[in-house]
Amino acid sequence: MELGHLRREIRTALELAVVALAPSDVIDGLAAAAGLLEALVELPPKSPPVLALVPELEKRSAKVLNEWQKWKAEHLPTGMA
């Protein structure tokens, strides 16, 4: 996934999780991913930090997005967030 798109998806999920008062572990995971993505999208795509951090960050981002989606499905009425 392109970093800019992933960054937007994570930021949106973070904002919704905060408004929905999701558990701190969900919010913290989204916030950590959002922060790293914010830093990395400013660097050249082939720079050593991007090449070193992106593969694991993509996995972590997918995991926290899944955790958010699961919590949202279990705790928010359909159509909210």
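Leu3, Leu6, Glu9, Ile10, Ala13, Leu16 and Ala17 of helix H1 meet Val50, Val54, Glu58, Ser61, Val64, Leu65 and Trp68 of helix H3, where contact means heavy atoms within 4.5 Å. By class, this contact of H1 with H3 holds 11 nonpolar, 1 polar and 2 charged residues. Ala, Val, Leu, Ile, Met, Phe, Trp, Tyr, Cys and Pro count as nonpolar, Asp, Glu, Lys and Arg as charged, and the others, Gly among them, as polar.

The model is predicted: local features need pLDDT of at least 70 and side-chain atom pairs pLDDT 80 or more, while totals for chains, interfaces and linings use all residues. Residues are numbered from 1 along each chain as its sequence is written, and side-chain values use heavy atoms, with hydrogens and water left out.

The protein has 3 helices and 0 strands, in the order α-α-α along the sequence. Helices (H or I, at least four residues) and strands (E, at least two) are DSSP runs, numbered from the N terminus. The C-alpha atoms fill a box of roughly 45 × 20 × 15 Å along the principal axes.

| Pair | Angle | Axis distance |
|---|---|---|
| H1 and H2 | about 150° | 9 Å |
| H1 and H3 | roughly 35° | within 11 Å |

Axes are lines fitted to C-alpha atoms, for helices over the stretch in contact, and angles run from 0 to 180 degrees between N-to-C directions. By class, the contact of H1 with H2 has 14 nonpolar, no polar and 3 charged residues.

Buried residues make up 35% of the 81 residues; buried means under 20% relative accessible area, exposed over 50% and partly exposed in between (1.4 Å probe, protein chains only). The largest nonpolar core has 22 residues, of which Ile10, Ala22, Leu30 and Trp68 touch the most other members. The elements giving two or more residues to this core are H1 (3–19), H2 and H3. Such a core is a set of buried Ala, Val, Leu, Ile, Met, Phe, Trp, Tyr and Cys residues joined through side-chain atoms within 4.5 Å.

Ser47 lies in the loop between H2 (24–40) and H3 (48–75). Ser47 is buried, with a relative accessible area of 11%, and its side chain reaches the backbone oxygen of Pro44 at 2.9 Å.

Technical notes:
Polar contact = N/O pair within 3.5 Å; in protein donor to acceptor, adjacent residues only side chain to side chain.
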